[in-house]
Every structure is written in C-alpha cells, then in structure tokens.
Amino acid sequence: MPVLVGLLVLFVPTFYNAATSFWQGEDNAHGPIILAVVIWLIWTKRAALFVAPAHKRQSAGLVLLVLGLLLYVLGRSVDVALLEIGSLIPILAGILLAMRGWLVLKAFWFPIFFIVFMVPLPGTFTDALTGPLKQHVSVIAEQLLYAAGYPIARSGVMLTIGQYQLLVADACSGLNTMFSLSALGLLFMFLTDRASKLHNVIMLVSILPIAFVANVIRVLVLILVTFHFGDEAGQGYLHGSAGIVLLMAALISLLALDSILARLIRHRSAVPAS
C-alpha cells in the first residue's frame, strides 16, 4: 500500500496534466487508452505478485528505482513529458525487482514495456520521420494514378490533379497510424500468445507495411473523391473520418493475416515428415 500511494502521488498529477494538454491533440490522443490497457494488464497479472517465490534483487531494483526517480524529477522540473512519463518504466521495474525479484518482473514485462506507447514522441523525431513518409506517399500516389490515366502531377508533397491542388500534410504521412497499429498489433500478439516463432516474426514485421499501405489507400481515396466530386467532398466529413476508417482497415488486415498464418502453420506442422 505505501508503494501504491507513492505511485499515485507521483503520477496522478502527471496524467492529469497530460489529459488536459497534449493528450487532447491528434498525435497523442491514444494516451488515455494506453494507460487504461496498462492498468488492466497489470490487474490481470496481479496474482504473480503473490504466487511466484520472492527472490529479491534489492541492489539492481534500487538502481533502477533511483534512475527512474531522477528522470521523473528532471522531466517534472523542466516540463518534458517524455522523461516524466517514461520514468514510470524504470520505477515500476525497480520496485518489482527490489520487492519480488526477476521472476515477477518477467511476469510483468509486457505491461511495463507497453508504457512506451504512452510516452509522447519528441518533435525532432516525428519531424525526421514525417517528411520522408509524406514524400513516399506522394510519389506512390502520383505514380499509381498516373498509370491509371489520371491527369496528375507532383511537386514535392503537392499533388495537382485536374483543377485541384492537394497538399499531403503531416497527418497524411501515416506515422500516427503506424504508431497506433504497432500498439494494437503487439497487444493482440501478447493476448493470443501464438506458440510459433515464425508466426510471431511474420506478424511483427508486417505491422508497419500494412499501416503504410493502408495510408496510401487513404490518400488515393481522398484524391479521387476530390477529383470526381469536388473539394467540399474531399475536405469534408470523409476527410475527417478517413483516419478512423484507415486504422480499422489496417487492424482488420492484421487480424486476417494472423488467421491465415495460424491455418498455414498449423497445417504445415500437421503434415508428417517423409
């Protein structure tokens, strides 16, 4: 109970500040969902705190705990959410090591790791990824539509089709979709707990390509809607809801891939060796 009270004293103000500031933006709107998932995962694993034998590793645990507290103090004092929220990872790991040992930390490794998706990415990192992603999306969209016979031209990330000029903005880079789908994909893989390493590797390496392809399709659809039905149709309700539809389509594609792999790998393992 004292440890729990200490965690609440530290991080309730942190998450309140996040909920009233950057969690309200599009880039970090997934933060409350990730927090809820982390709490739920820890709750489902709570029995491991009492079932597993206690082999305390106080030295290693205290090192991690002190490191986490220093990161928290630094992040809190200079108002850097990356450090403030990210400090929860070494703090929880240090507490579990010091009080229960490696076995219990191993049981809680995924909820602690999943906190990574709650940490807001620094602007320099997102800018470095957003630019190339927008460029690739623009090039692919232009080439596909030009091959299909549409009057389209490109200048950087500006696409001109017919009488319309469309800018591939940061939101259309697909970075948010990749981040969200990575979180959902890893959570799905953890919950299904497939025994085949080949299955898990294929699923893992497929997450980002699926998100990128889905984003290209989103951009293509918006371009075609604008070209055939006008700027109001392309920039109206459809444009706002395209992101949610995109994420759902990518998630369904990932689930379909999981189902196909489960059948293929199970069928392969059922075939007797000659």
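The following is a conversation about a predicted model of one protein.

Colleague: How many helices and strands does the protein have?

Modeller: There are 13 helices and three strands in this predicted model. The C-alpha trace spans about 70 × 65 × 25 Å along the principal axes.

Colleague: What share of the residues counts as buried?

Modeller: The protein has 274 residues, and 39% of them count as buried.

Colleague: And which residues account for the contacts with a separation of 6 or more?

Modeller: Of those contacts, 72% come from residues 24 or more positions apart.

Colleague: Let us turn to the nonpolar core. Which members of the largest one touch the most other members?

Modeller: They are Phe 15, Phe 114, Met 118 and Ile 223, in a core of 63 residues. Helix α11, residues 197–229, gives the most to this core, with ten residues.

Colleague: What does Ile 223 touch?

Modeller: Leaving out residues up to four places away in sequence, Ile 223 touches Ala 141, Leu 145, Leu 159, Ile 161 and Leu 166.

Colleague: At what angle do α10 and α11 pack?

Modeller: Helix α10, residues 175–192, packs with α11 at an angle of about 155 degrees, and their axes are 9 Å apart. The angle is over 145 degrees, so α10 is roughly antiparallel to α11.

Colleague: Is that crossing left-handed or right-handed?

Modeller: The crossing in which α10 passes α11 is right-handed.

Colleague: Which residues meet there?

Modeller: From α10 the residues are Thr 177, Met 178, Leu 181, Ser 182, Gly 185, Leu 186, Phe 188 and Met 189. They meet Asn 200, Met 203, Leu 204, Ile 207, Leu 208, Ile 210, Ala 211 and Phe 212 in α11. By class, the contact of α10 with α11 has twelve nonpolar residues, four polar ones and no charged ones.

Colleague: What about α4 and α6: how do their axes cross?

Modeller: Helix α4 covers residues 58–78 and helix α6 covers residues 88–99. Their axes come within 7 Å and cross at roughly 160 degrees. That angle makes α4 roughly antiparallel to α6. In this pair, α4 passes α6 in a left-handed crossing.

Colleague: Which residues make the contact?

Modeller: On the α4 side they are Gln 58, Ala 60, Gly 61, Leu 62, Leu 64, Leu 65, Gly 68, Leu 69 and Leu 71. On the α6 side they are Pro 90, Ile 91, Ala 93, Gly 94, Ile 95, Leu 97 and Ala 98. The contact of α4 with α6 has twelve nonpolar and four polar residues by class, with no charged ones.

Colleague: Now the loops. Where does Asp 79 lie?

Modeller: Asp 79 lies in the loop between α4 and α5, the latter being residues 81–86. Its phi is positive, about 60 degrees, although Asp 79 is not a glycine.

Colleague: Is Asp 79 buried or exposed?

Modeller: Asp 79 is exposed, as its relative accessible area is 67%.

Colleague: What about Asp 193: what is its phi?

Modeller: The phi of Asp 193 is near 55 degrees, a positive value in a residue other than glycine. Asp 193 lies in the loop between α10 and α11. With 59% relative accessibility, Asp 193 counts as exposed.

Colleague: And Asp 258, buried or exposed?

Modeller: Asp 258 counts as buried because its relative accessibility is 4%, under the 20% cut-off. Its place is in helix α13, residues 237–270. Not counting residues up to four places away in sequence, Asp 258 touches Phe 188, Arg 194, His 199 and Met 203.

Colleague: One more helix, α9. What is Thr 130 in contact with?

Modeller: Thr 130 is in contact with Asp 170, Ser 173 and Leu 175, leaving aside its neighbours within four places in sequence. Thr 130 has its place in helix α9 and is buried, with a relative accessible area of 8%.

Colleague: Where is Leu 144 found?

Modeller: Leu 144 is also in α9, which covers residues 123–147. Leu 144 is partly exposed, with a relative accessible area of 45%.

Colleague: How far is its C-alpha atom from that of Ile 252?

Modeller: The C-alpha atoms of Leu 144 and Ile 252 are separated by 24 Å, and the two residues are 108 residues apart along the chain.

Conventions:
Residues numbered from 1 in each chain as written. Predicted model: local features only at pLDDT ≥ 70, side-chain atom pairs only at ≥ 80, totals over all residues. Heavy atoms only, no water. Axes fitted to C-alpha atoms, helices over the stretch in contact; angles between N-to-C directions. Helix = DSSP H or I, 4+ residues; strand = E, 2+ residues; numbered from the N terminus. Parallel < 35°, antiparallel > 145°, perpendicular 65-115°, else oblique. Left-handed = near helix turned anticlockwise from the far one by under 90°. Contact = heavy atoms within 4.5 Å. Nonpolar A, V, L, I, M, F, W, Y, C, P; charged D, E, K, R; others polar. Buried < 20%, exposed > 50% of the residue type's maximum accessible area, 1.4 Å probe, protein only. Core = buried A, V, L, I, M, F, W, Y, C linked by side-chain atoms within 4.5 Å.
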